[in-house]
Amino acid sequence: MSDFQVCLQAVTPIFLIIALGFLARSLGAIRRDDVPRLNKLMFRYFMPIMLFGSIYSSDISSAVRPRTLIFAVVSVLCVFFLSLVYVLLTEKEPAKRGVKIQGIYRSNFVIIGIPLAQQLVEGADIGPVVLLIAVVVPLFNVLAVICLEVFNGKKPSIKKLLLDILKNPLILSSAAGILFLLLGIRLPRPVESTISQIGAAANPMLLFLLGAFFEFDGLRKYAKDLIEICLGRLVIVPGICLTAAMLLGFRGVEFAGMIAIFGSATAISSFTMAQQMGGDAELAGDIVVATSALCSFTMFGWSLLFKALGMF
């Protein structure tokens, strides 16, 4: 049961913080109308610092495994394009299209990845998993900007799309983190401490605001969409990608990292990005809640299956 426990321990705090936000709104401490303004603050300041910090603090010296990085990048791109095709064929509302694509391809890798790898492969060097975060998370963000910009209800423009990608705070912070990492630039200790503290505060605040915005009616309103996304995110995507990783010979901590990338819930930050970039924010929030609720069980199943097959 240890695999289930680590997933449950990672997911339980998510729901407790969401519940706190919901309670705060119910008691009148925060209004639902306040959430977009506060999410704008998170999007422009807290989230970029969090992403920069997670990449900046990665240890690149002994973790570079090109084959692993190439497989992860190619697989994420394939999942993105397959999600794009599926959503274009099945969804007519532009505001829901970008959100659903993001819900299928974009995982909660940062929160789940390291603890899951440590649990599944006890005592292993998790450097390769940390480096995967430095590569996969910026890719997630670039693809999210693309799909949310294209499907925000406005006429798409290649020039505007490229400018929006280049100006996006999450893209800029990810690029800065990679640059600092590759060049070995180190910041003064007080600055590093500040970045670490702000990064630690970002995820709880994102969850709190999600709870303050959440409505139970949305689970009924979007029931069909949520079933589609949960099946895609938690069953179909990991089924295909993890089988491919197994057949290609990935084992140990590398395979544990693949479970975290392709088997975990939809990223928490997808809700904030959807709200700031014209997507259906209510659906985006419900996707985070639904996939987070189910991923403990599905990730336990995937972990148990591939442990039995000798992957780690």
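**Figure 1. A nonpolar surface patch.** Ile 227, Leu 231, Val 235, Ile 236 and Ile 240 together form a nonpolar patch on the surface of this predicted model. Leu 231 sits in helix α11. With a relative accessibility of 44%, Leu 231 counts as partly exposed. Helix α11 spans residues 223-247 and has the highest mean pLDDT among the elements, 96.

**Figure 2. The whole chain, for orientation.** The predicted protein contains 14 helices and 0 strands. From the N terminus on, the order of elements is therefore α-α-α-α-α-α-α-α-α-α-α-α-α-α. Of its 312 residues, 55% count as buried. The accessible surface comes to about 13,700 Å². Carbon and sulfur atoms account for 69% of that surface. Take the contacts between residues at least 6 apart in sequence: 86% of them join residues at least 24 apart.

**Figure 3. Confidence along the model.** Mean pLDDT for the protein is 85. A value of 70 or more is reached by 88% of the residues. Helix α5 (residues 109-120) has the lowest mean pLDDT among the elements, at 67. Where pLDDT is low, predicted coordinates should not be read in detail.

Figure 4. Helix α7 covers residues 158-167, and its buried residues are Leu 161, Asp 164 and Ile 165. These three span an arc of only 100° around the axis, so they lie on the same side of α7. Lys 159, Leu 166 and Lys 167 are exposed on the other side of α7.

Figure 5. The structure holds 14 salt bridges. One of them pairs Arg 32 with Glu 215, with the closest N and O atoms 3.7 Å apart. This pair links distant parts of the chain, 183 residues apart. Arg 32 lies in the loop between α1 (2-26) and α2 (35-56). Glu 215 lies in the loop between α9 (189-213) and α10 (217-221). Arg 32 is partly exposed, with a relative accessible area of 25%. Glu 215 is also partly exposed, with 27% relative accessibility.

Figure 6. Arg 220 forms a salt bridge with Asp 217, and the closest N and O atoms are 2.4 Å apart. The two residues are 3 apart in helix α10, so about one helical turn separates Arg 220 and Asp 217. Arg 220 is exposed, at 61% relative accessibility. Asp 217 is partly exposed, at 47%. Side chains of opposite charge can pair when their charged atoms come close.

Figure 7. Glu 282 and Lys 221 form a salt bridge, their closest N and O atoms being 3.7 Å apart. Distant parts of the chain are linked here: Glu 282 belongs to helix α14 (residues 281-308), Lys 221 to helix α10. The partners are 61 residues apart. Glu 282 is buried, with 19% relative accessible area, because the cut-off for buried is under 20%. Lys 221 is exposed, with a relative accessible area of 56%.

**Figure 8. A network of salt bridges.** Glu 91, Lys 96, Lys 100, Lys 224, Asp 225 and Glu 228 are joined into one network. The joining comes from salt bridges that share partners.

Methods: Residues are numbered from 1 along each chain as its sequence is written. This is a predicted model: local features need pLDDT of at least 70, side-chain atom pairs count only at pLDDT 80 or more; totals for chains, interfaces and linings use all residues. Side-chain values use heavy atoms; hydrogens and water are left out. Buried means under 20% relative accessible area, exposed over 50%, partly exposed in between (1.4 Å probe, protein chains only). Helices (H or I, at least four residues) and strands (E, at least two) are DSSP runs, numbered from the N terminus. The arc is that of the directions from the helix axis to the C-beta atoms. pLDDT is the predictor's confidence in each residue, from 0 to 100. Patches are made of residues with over 30% relative accessible area and no salt bridge: like charges are joined within 9 Å, nonpolar side chains (Val, Leu, Ile, Met, Phe, Trp, Tyr) within 5 Å. Accessible areas come from the Shrake-Rupley method with a 1.4 Å probe; for residues, only the protein chains shown count as cover. A salt bridge is a side-chain nitrogen of Lys or Arg within 4 Å of a carboxyl oxygen of Asp or Glu. Contact means heavy atoms within 4.5 Å.
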